[in-house]
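Please keep the structure in view while reading.

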Amino acid sequence: MAASLRFNGKPFGLQQQLPSKSLSKHAPKWVTIRCSATAPTRRYSITLLPGDGIGPEVISVAKSALVLAGSLEGIEFGFKEMPMGGAALDLTGVPLPEETLSSAKQSDAVLLGAIGGYKWDKNEKHLKPETGLLQLREGLKVFANLRPATVLPQLVEASTLKKEVAEGVDLMVVRELTGGIYFGKPRGFSKNENGEEVGFNTEVYAAHEIDRIARVAFETARKRRGKLCSVDKANVLEASMFWRKRVIAIASEYPDIELSHMYVDNAAMQLVRDPKQFDTIVTNNIFGDILSDEASMITGSIGMLPSASLGESGPGLFEPIHGSAPDIAGQDKANPLATVLSAAMLLKYGLGEEKAAQRIEAAVMDALNRGFRTGDIHSAGHKLVGCKEMGEEVMKSIESKTPAAAV
């Protein structure tokens, strides 16, 4: 179900709606890019959200990868770049302009770079870049976040764990994305009976929210190694007790999947102690946020990990799980591979274009095999390159590698 949640195969027309006047000076029109390698037979519209910090740099590389891989598979893309996050705050005063959300909804898929930065850290909550991301996820109704964490053989030495612990790790975190404590109500600030100021949030899940993410997780496990671990805090939290109850109920639909349960504190420990025990993990919004970042560091760098956010219909949202890294923004130091691999997930999960996705995945592996490394994954004996050069090497590999070479 994870890969079949969506197949957006509708044709892309050139007569797309333009943004309103408030953004028309800054937001480009749809730009259709054609390549002559293969006559295009399928057309898709992609909304690009470069965002802040290193976002524009990595999105530029991923866009080029999409165009080249697509041209080799007879695919034509129409791209529309829109502001979001801090860039949108500076331009329009809000982190997610209505025109940006409208463009995202009308496209076949959305590719996001990164948002946030020191400049906006002290903003009120509704004016923070991160609020725009939550609004985008809610607006697109993408409830299932797939975050793979795989230790590539070329990068096993980059892991902070011992080689024998990290080698062979290949897991998928399926995170519920639009419920739980990030969205639950009531929430806010108040005073208690003693007149002391308090802040509060609510962890709440309805049965249908748990059921649908559980089914995505079971289907994902079925396509992998048939093992699913549900992570909760059912020994303390009522919401987690209900979560476990519903996951067990859905498990009856998947007798071929081995289901286990683990408290989140133990799961955090086990990810470091023995990560190879995990195949697929399903968990709520906040636990998934934390555990997937922990899992990312097992791989050696958060700059290597993509993600896909999917719903029952409509466009999916694809993004690297790293942040905007303002300290290195504009210095050609960013690792673009997580965004490039997010573009591959866009092709695979968002558009059903498996061969084009495999071209990109194979190209990333080939560039690494040829010894190219950005600073975050660099080690002795390899060539240190910047964001642009890594992108150029990936493009060379896309041209020279066939989908069958994907690893």
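Of the 407 residues of the chain, 55% count as buried, a term that stands for under 20% relative accessible area, with exposed meaning over 50% and partly exposed lying in between (1.4 Å probe, protein chains only). The model is a predicted one, in which local features need pLDDT of at least 70 and side-chain atom pairs count only at pLDDT 80 or more, while totals for chains, interfaces and linings use all residues. Residues are numbered from 1 along each chain as its sequence is written, and side-chain values use heavy atoms, with hydrogens and water left out.

The chain contains 13 helices and 15 strands; these are DSSP runs numbered from the N terminus, helices being H or I with at least four residues and strands being E with at least two. Contact is defined as heavy atoms within 4.5 Å. Among contacts between residues at least 6 apart in sequence, 76% join residues at least 24 apart.

Helix H9 covers residues 264-273, and its buried residues are Val264, Ala267, Gln270 and Leu271. Seen down the axis of H9, these buried residues fall within an arc of 115°, so they line one face of the helix; the arc is that of the directions from the helix axis to the C-beta atoms. The cover over the buried residues of H9 includes strands S6 (170-176), S9 (227-232), S10 (258-263) and S11 (280-283), together with helix H10 (285-298).

On a 1 Å grid over the protein atoms alone, a pocket is an open set of points where a 1.4 Å probe fits, with protein on both sides within 12 Å along at least five of seven lines, and lining residues have an atom within 4 Å of a point. Of the 25 residues that line this pocket, the closest to its centre are Ile115, Glu130, Leu133, Arg137 and Asp289. H5 gives the largest share of the lining, four residues.

Where does threonine 339 lie? Threonine 339 is found in helix H11 (residues 337-350). Its relative accessibility is 0%, and therefore threonine 339 counts as buried. Leaving aside neighbours within four places in sequence, threonine 339 is in contact with Val58, Ile59, Ala62, Leu111, Pro320 and His322. The C-alpha atoms of threonine 339 and glycine 113 are separated by 7.0 Å, although the two residues are 226 residues apart along the chain.
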